[in-house]
Amino acid sequence: MMSEQLKFIVEQLNKEPFRKNFNLVMFDSLEPMQLLQVFNDVLAEIDPKQSIDIREEMPEQTLKRMTLLLGMLKYKPPDNMADVKTFQQGLVTGSKSVIHPILHWLLQRVPDLKKRAYLARFLVKLEVPAEFLHDDIISDTYSQYEELVESFKMYHKQCEQLRTSGFSTAEIRRDISAMEEEKDQLIKRVERLKKRVESVSSHQRMLEQARQLRVEKEREESLAHQKQQQKNQLFQAEQRVLRSHQQLKDMRQSAADANPESLTRRLEEEIQINSYMVSEKLPKELESLRRTVQYLQKVAAEPAMGQPNIRELEDRIRDVDSQINLLIEKKMLRNDPIDDKLTLYKQQASIISRKKEAKAEELQEAREALATAEREMKQRHSQSSQGEEVVRGDELKRVVAKLRSKGTAYKKRRLELSELKAEYGVLQRTEEILRQKHEAVQEKLQAVEVEKGISGYSSTQEELERVSAIKTELDEKKGRTLDDMSEMVKRLNSSIVEKKSALAPIIKELRSLRQRREELSQEYSEKKAQYESCAAGLESNRSQLEQEVKALKEEMAQKENQYHYINSMSEIIEMQMQQAAEEMKAYVSSDPQERKKTIRELYMKNIAEQESLGKKLREEQKTVRENHSANMEQMTLWRDLEQLMECKKRCFIKAQNQASVGHVIQDEAKDMLVL
């Protein structure tokens, strides 16, 4: 999993716009500061304000800046990084276990994160303490700020809608240019016609007649349109009459066929179908839907599964499948005839139930189709009863001309809107550039302060100015004097001077230590470059030798297998040749005893024995067939004899049981019962 993650990170970093030219070894061997700088470069691609050299920034500021951006991008650390302090410490020190998952998460969704970072600059509201909002000026300013945020949301939403709507400025411009050309051509054509008409003496009278002709043509068109409407209404009325006749005919036929027995039978069938749908089919579908919903809720409630969890589930599935196969094998080995009969009946019952469900589904689909057709028919009837107008060609032309004029007006308004949006974008971009310049100046000022060892001076000064401004307003409101303000400023300036004097020796010591650290880091980078070049050369030589050794081993194993195969085949062929020579020698020999030992003679002897055996079996079969009827009669006699003996046995046992009452004396002449 980690190797795939590293491979994905290296592939993305080697693409645009990063172009780092890393490989897995180089990326894995990066120092913590270098890895942190790569991570900062990725953040800078998402948010340009993050483009900072890590070496020129204090670790506390780096941690604060990165954590704020990651929180704004809604990054959640892994489960093994639940401790905040451990995560922050790993982020500052450039730990691989912290930086690699963040890089993998960021590089998967760079465009979305860019958009989120851009929106966060305008949508994340500034936090103003509640006590300051009591001031009227601050409250009004904050309300204006909130209104601007809401308007930005609205404009951004409109911009996204326009981007996804499919409108193209190039197409609009082409339409506008085509319409302008068409307008110019029409103007020129009208001017030419005017000049041509003005040369005629009675052009006014001809124009009046042409106007009257146009009016009469329009009237003719309207009359033709009315005539067509009346024809359509007449046709629709005839269709309604035909449908009514058909419905009347159908109702009469149904009334003629409607005797009590058929109606009762039809109602009973419908009741059976509806009871089956209500009691069996619909509860099963409802139960399956409930199980599906419960399963989906269970899946949604579970946390996100990783690759180990998926592998564990696959192993469990394989175990369950093996257990099922074992149970099936046991059941097949048992092969109980009663179970076999039940299985046959169960299969027939399942086939019948499936056919029943299929027919129920077909019935439900047919009912839905019938309901849809009835709704469409009612809609058509209502439309026909309302007498909708049929659009003719001339009216269609007028509608198209009206739509074209409206489209021209819409395009003009949209052009004005696009100009306003472009102007708004220019102003917004200007504001953003000025803000970036201000931030760049602030960052340079902070860097200079860090260099000079007076980090936080400008922020302290701004804080002082802000405090002094607030203090001034409060003093003006409360009527305080200027002396108190100057005294407070003097105290603050004196405290700043004291802090500067206390920090001066520490700053001097820090400068020497920084210089020493730069020398050591330069020496370390040189040694590391030498080591990496040497290691890369050795690694390439080692991989080449390993490939050669592997190829030679494969070739040796192939040759060895080929040798053993040829050797065994030669031995087999030699044995076969020897056996063939011995067989030929025995076959051509004049000694009959020697010839009897040949395989041919043995096979001939076996064939003769089998033929004699078959002849004997056929004779036995013939005898059995001839004596079958007599044997069956004898078997019937023996079965009757067995029943007779069984009856005598029962009588004898019954007589023995009656010996307690008396005993029977039997001889040749008489039988006596002695009590």
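This is a predicted model: local features need pLDDT of at least 70, side-chain atom pairs count only at pLDDT 80 or more; totals for chains, interfaces and linings use all residues.
Contact here means heavy atoms within 4.5 Å. Leaving aside neighbours within four places in sequence, Arg65 is in contact with Asn40, Gln50, Ile52, Ile54 and Glu57.

## The protein as a whole

Stepping back, the protein has 675 residues, and buried residues make up 13% of them. Its secondary structure comprises 19 helices and two strands.

## Helix α5 and its two sides

Helix α5 covers residues 84–93, and its buried residues are Phe87, Gly90 and Leu91. Viewed down the axis of α5, these buried residues fall within an arc of 100 degrees, so they line one face of the helix. Lys85 and Gln89, on the other side of α5, are exposed.

What do the buried residues of α5 pack against? Their partners are α3 (32–46), α4 (59–72) and α6 (96–108). Just after α5 comes Gly94, which takes a positive phi of about 75 degrees.

## The largest nonpolar core

In soluble globular proteins, nonpolar side chains tend to be buried together. Here the largest nonpolar core has 33 residues, and those with the most contacts inside it are Leu13, Phe27, Phe39, Leu91, Ile102 and Leu106. Two or more residues of this core come from each of α1 (2–14), α3, α4, α5, α6 and α7 (110–123).

Not counting residues up to four places away in sequence, Ile102 touches Phe39, Leu70, Tyr75, Phe87 and Leu91.

## Salt bridges

How many salt bridges does the model contain? The count comes to 16. One of them joins Glu208 to Arg211, with the closest N and O atoms 2.6 Å apart. Both residues lie in helix α10 (residues 203–257), three residues apart, which is about one turn of the helix. Glu208 is partly exposed, with a relative accessible area of 38%, and Arg211 also counts as partly exposed, at 38% relative accessibility.

Another pair lies in helix α16 (residues 482–588): Glu532 and Lys528 are four residues apart there, about one turn of the helix. The closest N and O atoms of their salt bridge are 3.9 Å apart. Lys528 is buried, with a relative accessible area of 12%, whereas Glu532 is partly exposed at 32%. Glu31 joins Lys528 and Glu532 in a network of salt bridges.

## The second largest pocket

The second largest pocket has a volume of about 1,100 Å³. Its lining has 27 residues, and those nearest its centre are Met33, Ile54, Arg55, Glu56 and Arg517. The elements that give two or more residues to the lining are α3, α4, α14 (393–452) and α16. Which element gives the most to this lining? That is α16, with nine residues.

Two of the residues nearest the pocket centre are Ile54 and Arg55. Ile54 is also one of the contacts of Arg65. Arg55 forms a salt bridge with Asp53, the closest N and O atoms being 3.2 Å apart. Arg55 counts as exposed, at 62% relative accessibility, while Asp53 counts as partly exposed, at 25%.

## Two loop residues with positive phi

Most residues other than glycine have a negative phi. Asn21, although not a glycine, has a positive phi of about 60 degrees. Asn21 is found in the loop between α1 and α2 (24–28) and is exposed, with a relative accessible area of 60%.

Lys74 is not a glycine either, and its phi is positive at about 65 degrees. Lys74 belongs to the loop between α4 and α5. At 60% relative accessibility, Lys74 counts as exposed, because exposed means over 50% relative accessible area.

Technical notes: Residues are numbered from 1 along each chain as its sequence is written. Side-chain values use heavy atoms; hydrogens and water are left out. Buried means under 20% relative accessible area, exposed over 50%, partly exposed in between (1.4 Å probe, protein chains only). The arc is that of the directions from the helix axis to the C-beta atoms. A nonpolar core is a set of buried Ala, Val, Leu, Ile, Met, Phe, Trp, Tyr and Cys residues joined through side-chain atoms within 4.5 Å. A salt bridge is a side-chain nitrogen of Lys or Arg within 4 Å of a carboxyl oxygen of Asp or Glu. On a 1 Å grid over the protein atoms alone, a cavity is a set of points where a 1.4 Å probe fits but cannot get out, and a pocket is an open set with protein on both sides within 12 Å along at least five of seven lines; lining residues have an atom within 4 Å of a point. Grid points are joined across faces, edges and corners, and a volume is the space filled by probe spheres set on the points.
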